Amino acid sequence: MLKKLLFILLTVFGCTTVFAQQIQSPAEFLGYKLGEKFTPHYRVVDYFRYVAKTATNVDLKQFGTTNEGRPLLAMFIASPENIKRLEEIRHNNLRLAGVESGTATTNTPVITWLSYNVHGNEPSSSEAAMWTLFDLVDPANTKAAEWLRNSVVVIDPCLNPDGRDRYTNFYNSVRGMMPDASPTSREHMEPWPGGRVNHYYFDLNRDWAWQAQKETQARVALFNQWLPEVHVDFHEQGYNNPYYFAPAAEPYHKDITQWQRDFQVTIGKNNAKYFDQNGWMYFTKQEFDLLYPSYGDTYPLYNGSIGMTYEQGGISAGLAVVTRSGDTLTLAQRVSHHHTTSLSTVEIVSANAQKVVDEFKKFFDNSRQNPPGIYKTYVIKNDNNEKVNELAKMLTRNGIQFGYGLANKSVTGYNYFTGTTDQYNVDANDLVVNAYQPKSVLLHVLLEPKTFIPDSNTYDITAWALPYAYGLKAYGIKESFKPATTSWGVIKPAPLTNTRAYAYVSAWQSIADVKFLSALLKKKIKVRYSETPFEAGGKKFTAGSLLVTRAGNERIDFDRVVSQIAADLGHEITPLSSGFVDKGSDIGSYDVKYIKEPRVALVSGDGINSEAMGEVWHLFEQQIGYPISLIRYQDINRIKLADFDVVIMPDGRYNDLSSDNLQSWVRDGGKLIALENAVAALVDKKGFEIKKKEAKKDDKADAKTKTAVKIYADRNRDAIRSSIPGAIFKLDMDNTHPLGFGFPNYYYSLKLSDDIYEMLGEDNWNVGTIAKNGYVAGFAGFQSKQKINNGMLLGVQSLGRGSVVYLVDDPLFRSFWENGKLLFSNAVFMVGQ
């Protein structure tokens, strides 16, 4: 009997072992070889879930969903022993970083995180993710088993499922029986808006630090729960380019350590070894720099990882395309290249695992004990609870520690807004950030007033300091001060005590106030605003403050509805018992205007910058909750514009713009809001008084340029003299105009071009202008700096019974330029009422 039982047990064990070894490859599971067709996202998910059920050394986590409901997944792969103690490894890693308290051991697996397909129309990497997963779990792969003895590998197969499916559905719907490799064929001409972006047309690769999108919020939350030692972001570039891998190009941010630089070289050389063996073309140290903090390579670097981007040529290549060199690039080749660098990275990290872990610990030890930068304490003045709350949420999402107030209330520090060193008092609700903490590098990068740029030929914007982006006064202090309190919670207003008011007043200083207005309008509550400052109920209110009066809202639930909306939003309102104010114009004055509930249309479609359009769309739907209609640019002369009160023209190419229909609509009382290149499109159009300001020629400099012999090798350097990849300028703001309501007499704008316009003429309003010394931070070529002065950047033109709002720069840039959201909302809700 005992022999029989032993035989049964051995048989079961043997069958289980055989079953575990029979993990299907992607080709066996999908029914086709990788590279023969594009795999829909749901089938990628199916394969990962199949492996999770079949392999014994994996743990699959769903950490979120997209806007369109697709799952976000991360597969954790380790040795059978380590997969059982995954949480122990995670907590130990956080202890190494000092994020969690306790004693950590450095004899721990290194964590390598591989992220694929952040841009939906760069789809080869998700295919490679399946292949890489199979190689790591295949029991026959002894090399992989050896790597996993000291490594945990994390695979995120698709960072942008909505964009990926937008692209693959397009391609699969237009391809023929055989791929057409001609670059001019339809399958290589992706329609607007393209698959690069997510549902709201955001570039998720620019969103790591800001986390404006739900996909990024979920992913970075998981990332910060682990803090991997190595992170690779897999991309594609134009199909005429060979493969790119680290080391990266200059400029490197000065806070990136020498070890991080050096190990990029180590990884790059290992990748090069395999590419050399196969005769594949590649390049390093060009184009892709490490400065802007919100990429999938820089954000991990500023969080202690070895962060890298890998770029395969292939955008718009479909299944096959003929390149400029006459070669045919196939999807199968693209997948193979990404698969090779995936395994190469895991291999070389495993070979250096102990050194990588030791340097990871050293990074965070140094962060806590010797933070970068001259400022050791940052104070953000709380001039507006709701703005400070938004900043606090952003810091919290990034794992940056902060508190409120100081025991020593009087300090001296650098004033961001004046550029001088001042003495000032710190109030109990001022936000205080001490630099001696694990995330001090990321903190310094996000808060330093001026980013040091050793090389001005950059890939992205060069200025982003949060005090300017949020419009909050800030001070940098060279001494280390700890906040009086480190507990954080949303600063909530005091509960209302007056349940029956003559009127309720709300400030107008932030996007939270716009959200409150939107909620009132959706409940059919009539709202007014004051054109002038006033004092009432013991408080001071600026121009633009909202007034919700009982007059015009004769309904029995008036007080309950208004107070409930405020309570639900955590929004402060002040009840007034009388329309007779202490100072300024009374509530019934002609200085108090009624806000008409606007019907808003947003121009979209061919020619429109999809990301700029998406910023507006996301603001309305996800941030202020106000209805908006999307109309196509090609239909603008056919639709009935009278159905709308406001038309928003985002950045784009408005070729063949016929302005007659628009102009007639504006004259009849419409409001047109033009942003960036939409402003340029109205130049020289009948009825629109916008004129570009041309830079004055310096005859001496011009003559010198003409006689100088240009050097071909310097052509890129010469071009940056007139470039401005993203710099901060200070505007003089007329805050008595509705477009300037809620602002001081200045505004910080992120300029992405040197566009500037002549002052608008009589009967029009130059609300945001710039003088000679408007430059604040970031790189701007000297020719651009000379041009950006004595001109208009924010203006309002009266046209018949309507108005045209000119916003030359993007106030909603990537949804992280928080202060611009109020400016844009002024254009929508306040101007022309």
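Buried means under 20% relative accessible area, exposed over 50%, and partly exposed in between, with a 1.4 Å probe and protein chains only. The model is predicted, with local features needing pLDDT of at least 70 and side-chain atom pairs counting only at pLDDT 80 or more, while totals for chains, interfaces and linings use all residues. Residues are numbered from 1 along each chain as its sequence is written, and side-chain values use heavy atoms, with hydrogens and water left out.

**Exercise 1.** State whether Ser79 is buried or exposed, and find its contacts.

Solution. Step 1: Ser79 lies in the loop between strand E2 (71-77) and helix H4 (80-83); helices (H or I, at least four residues) and strands (E, at least two) are DSSP runs, numbered from the N terminus. Step 2: the relative accessibility of Ser79 is 7%, so Ser79 counts as buried. Step 3: contact means heavy atoms within 4.5 Å. Neighbours within four places in sequence aside, Ser79 touches Asn57, Leu148 and Arg149.

**Exercise 2.** Work out how helix H17 (residues 511-522) packs on helix H18 (residues 558-569).

Solution. Step 1: axes are lines fitted to C-alpha atoms, for helices over the stretch in contact, and angles run from 0 to 180 degrees between N-to-C directions. The axes of H17 and H18 are 10 Å apart, at an angle of about 140 degrees. Step 2: H17 is therefore oblique to H18, since angles under 35 degrees count as roughly parallel, over 145 as roughly antiparallel, 65 to 115 as roughly perpendicular and the rest as oblique. Step 3: Lys515, Phe516, Ala519 and Leu520 in H17 meet Val562, Ile565, Ala566 and Leu569 in H18.

**Exercise 3.** Find how H17 lies against helix H19 (residues 610-624).

Solution. Step 1: the axes of H17 and H19 come within 10 Å and cross at roughly 75 degrees. Step 2: this makes H17 roughly perpendicular to H19. Step 3: Ile511, Val514, Lys515 and Ser518 in H17 meet Leu619, Gln623 and Ile624 in H19.
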